[in-house]
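Reader: Hi! Could you walk me through this one?
Author: Happy to; here it is.

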Amino acid sequence: MLTLAFDTATAVATSALVDTGSNGHFEVLGERCSRAQTLLEDVDALLRQAGARPSDLDRLAVGLGPGSFTGVRIGLAVARGLALSLDLPGSGISTLAALAAGAPGALPVVDAKRREVFTLVDGEPRVLTPQELPLSDSVVCVGDGAKRYRSLIEERGAAVPPDDDERHLPHARFHAALAGEPGSVDELEPLYLRVPDADRSLR
C-alpha cells in the first residue's frame with residue numbers, strides 16, 4: 001500500500017512516501033522538508049524519486065495540527081484536492097502525536113505564537129504558556145516550541161536537544177506509521193485548540 005503523508009502545521013513542512021503492507025512491511029521511499037507553500041512540488045518530487053505516478057497512491061496521511069492555522073489549512077486543502085482528483089481515502093494524525101512518535105518518551109512542544117505552546121498533557125492536546133508545561137528533570141522537550149523557549153525550559157530542569165536535532169521535526173513517516181483505517185478526507189477536521197487570529201479580530 002502506497003501512502004503519501006504530509007504535515008504543514010509547523011514552519012517546516014514535512015512529506016513522505018511510504019510503502020506499507022499488511023504483514024508489517026514499512027519502507028520509506030522518500031522524504032522531504034520544506035515549506036507549506038511548496039507542498040505540491042514536494043509531492044511531485046517524491047513520486048518521481050520513487051518512480052511512481054499519482055494514480056499509484058492508495059491513501060493519504062495528513063497532519064491535523066495543532067500549529068499554524070494557515071499551515072494546517074493548506075495541508076487539508078491539498079489533501080482534499082488530491083483525494084478528490086485521485087479518489088483517495090485518508091487518515092488524520094495529530095502533529096503532536098507524530099512528534100512524540102519520533103522522540104519516544106519526550107514531550108512534544110509546538111510554538112503556538114502569542115507566548116503560548118501546544119503540547120500533550122496526559123495524552124491530550126492542550127494550549128499552555130511555557131511556564132505551565134509539565135516539566136521535571138527527566139523530561140526531554142522536542143518541537144519548534146521547545147527550541148523557542150529553550151532557556152525557560154532548561155531553567156526548569158528539563159532538556160532540549162540541539163536546534164538541528166531531527167527530533168524537533170514532525171517527520172511525515174510517523175504520520176504514515178500512526179495512520180489508522182482511512183476514511184473520507186472531506187470529514188477530516190483541523191485540530192484547533194483556540195480561536196484563529198482572524199476570527200478573534202472579528203469579535
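Reader: Let's start with Y192: buried, partly exposed or exposed?
Author: Y192 is partly exposed, at a relative accessible area of 29%; buried means under 20%, exposed over 50%, and partly exposed in between, with a 1.4 Å probe and protein chains only. Keep in mind that this is a predicted model, where local features need pLDDT of at least 70, side-chain atom pairs count only at pLDDT 80 or more, and totals for chains, interfaces and linings use all residues. Residues are numbered from 1 along each chain as its sequence is written, and side-chain values use heavy atoms, with hydrogens and water left out.

Reader: Thanks! How many aromatic pairs are there?
Author: The count is 1 aromatic pair, where rings of Phe, Tyr and Trp (its six-membered ring) pair if their centres lie within 6.5 Å; planes under 30 degrees apart count as stacked, over 60 as edge-to-face and the rest as tilted. The rings belong to F69 and Y192: their centres are 5.0 Å apart and their planes at 65°, so the pair is edge-to-face.

Reader: Where do F69 and Y192 sit in the chain?
Author: F69 is in helix α2 (residues 69-86), while Y192 is in the loop between α6 (172-178) and α7 (197-201), so the pair links parts of the chain 123 residues apart. Helices (H or I, at least four residues) and strands (E, at least two) are DSSP runs, numbered from the N terminus. F69 is buried, with a relative accessible area of 11%.

Reader: And R80, what does it touch?
Author: R80, also found in helix α2, touches V185, D186 and L188, leaving aside residues up to four places away in sequence; contact means heavy atoms within 4.5 Å. R80 is partly exposed at 29% relative accessibility. Its C-alpha atom is 9.1 Å from that of S184, 104 residues apart along the chain.

Reader: Switching topic: what order do the strands of the sheet take?
Author: The open sheet has 5 strands in the order β3-β2-β1-β4-β5, with mixed pairing; two strands pair if DSSP finds at least two bridges between them. β3 (26-34) and β5 (90-93) are the edge strands, each pairing on one side only.

Reader: How do β4 and β5 pair?
Author: Strand β4 (residues 59-63) and β5 run parallel, over 4 bridges.

Reader: Which strands does α2 lie across?
Author: Helix α2 lies across β1 and β4, at about 170° to β4; axes are lines fitted to C-alpha atoms, for helices over the stretch in contact, and angles run from 0 to 180 degrees between N-to-C directions.
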